[in-house]
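Visitor: Hello! I have a structure to look at and I would like to learn how to read it. Could you take me through it step by step?

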Amino acid sequence: MKKFCPIILILLISVISMAACGAESAQKLVSEALDIDASGGDEVSNYDTHSGNGDGASCIVLSFHDDRVLEEIKSHAEWKAFPLDETVKTLVYGTETETRKAGPFLTDENGDPLAPEIQNGYYLLIDRQAEKDKAAGADILHRSSFNFTLGLYDTDTNRLYFCQLDT
């Protein structure tokens, strides 16, 4: 029995090491998807309902103690300053007129928006469903399914919201 203890211990350490290598940190996932260095962010929350078929909503919230990420965001032409355009506003918070209500689409299981109301910041919408040489952006709202990534940076709280929706 004593001979098996070291073997079992070695196997156990190997399994734990392999599992740890396969897990991707929230910071690395956000960094790769948004093409920024989010490695200095502290994970505040991580919500994910993606199932085995890939459908679901997710939102990772990272908090930053300095302005390095903000400065990097400002240097990227793809990121836009608030206010949100009508498409992003509809996707995140929903919009309503006298005759029509649309969204929000990026919600939890109770239908509540995954991101709080942000007054000041920057945003990036990545349409992962756009076809080559076809318009993206507002076109998202006229589809029967969604596949997009959204980055929202709140300059008042130094929080980055990384959200995805796949339907």
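Predicted model: local features only at pLDDT ≥ 70, side-chain atom pairs only at ≥ 80, totals over all residues.

Visitor: Let us start with Phe105: is this residue buried, partly exposed or exposed?

Guide: Buried means under 20%, and exposed means over 50%. Phe105 has a relative accessible area of 29%, so this residue is partly exposed. Phe146, in contrast, has 9% relative accessibility and therefore counts as buried.

Visitor: Which residues do the ring pairs link into a cluster with Phe105?

Guide: The cluster consists of Phe105, Phe146 and Phe148, linked through ring pairs.

Visitor: How many aromatic pairs are there in total?

Guide: The count comes to four aromatic pairs. One of them is formed by Phe82 and Tyr123, with 6.0 Å centre to centre and 85° between the planes, which is edge-to-face. Phe82 sits in the loop between β3 (80-81) and α4 (86-92), while Tyr123 belongs to strand β6 (residues 121-127), so this pair ties together parts that are 41 residues apart in sequence. Phe82 and Tyr123 are both buried.

Visitor: And how is the pair of Phe105 and Phe146 arranged?

Guide: That aromatic pair is tilted, with 50° between the planes and 4.8 Å centre to centre. Distant parts of the chain are linked here too: Phe105 is in the loop between β5 (101-102) and β6, and Phe146 is in the loop between β6 and β7 (147-154), 41 residues apart.

Visitor: Now the strands, please. How do I read a sheet?

Guide: Strands of a sheet pair through backbone hydrogen bonds, either parallel or antiparallel. In this model, six strands form an open sheet in the order β1-β2-β8-β7-β6-β3, and the pairing is antiparallel. At the edges stand β1 and β3, each with a single partner strand, so one side of each has no neighbour in the sheet.

Visitor: Which strands are joined to β2, and by how many bridges?

Guide: Strand β1 (residues 42-48) is joined to β2 by six bridges, and β2 is joined to strand β8 (residues 159-166) by eight bridges. You can follow Ile60 across: Asn46 stands opposite Ile60 in β2, and Ile60 stands opposite Phe162 in β8. Tyr47, for its part, stands opposite Cys59 in β2.

Visitor: Where do the side chains of a strand point?

Guide: In a regular strand the side chains alternate between the two faces of the sheet. For β2, both faces are covered: Gly56, Ser58, Ile60 and Leu62 are buried on one side, and Ala57, Cys59, Val61 and Ser63 are buried on the other. Eight of the eight residues of strand β2 (residues 56-63) are buried, so the strand is largely enclosed by the rest of the structure.

Visitor: Which strands does helix α2 lie across?

Guide: Helix α2 lies across β1, β2, β6, β7 and β8, running at about 75° to β8. A residue to look at in helix α2 (residues 26-34) is Ser31. Its relative accessible area is 15%, so Ser31 is buried.

Visitor: What lies 2.8 Å from a polar atom of the side chain of Ser31?

Guide: That is the backbone oxygen of Gln27. Apart from its neighbours within four places in sequence, Ser31 is in contact with Ile36, Asp37, Ala38 and Ser39.

Methods
Residues numbered from 1 in each chain as written. Heavy atoms only, no water. Phe/Tyr/Trp six-rings, centres within 6.5 Å; stacked < 30°, edge-to-face > 60°. Helix = DSSP H or I, 4+ residues; strand = E, 2+ residues; numbered from the N terminus. Buried < 20%, exposed > 50% of the residue type's maximum accessible area, 1.4 Å probe, protein only. Polar contact = N/O pair within 3.5 Å; in protein donor to acceptor, adjacent residues only side chain to side chain. Contact = heavy atoms within 4.5 Å. Pairing = 2+ DSSP bridges. Axes fitted to C-alpha atoms, helices over the stretch in contact; angles between N-to-C directions.
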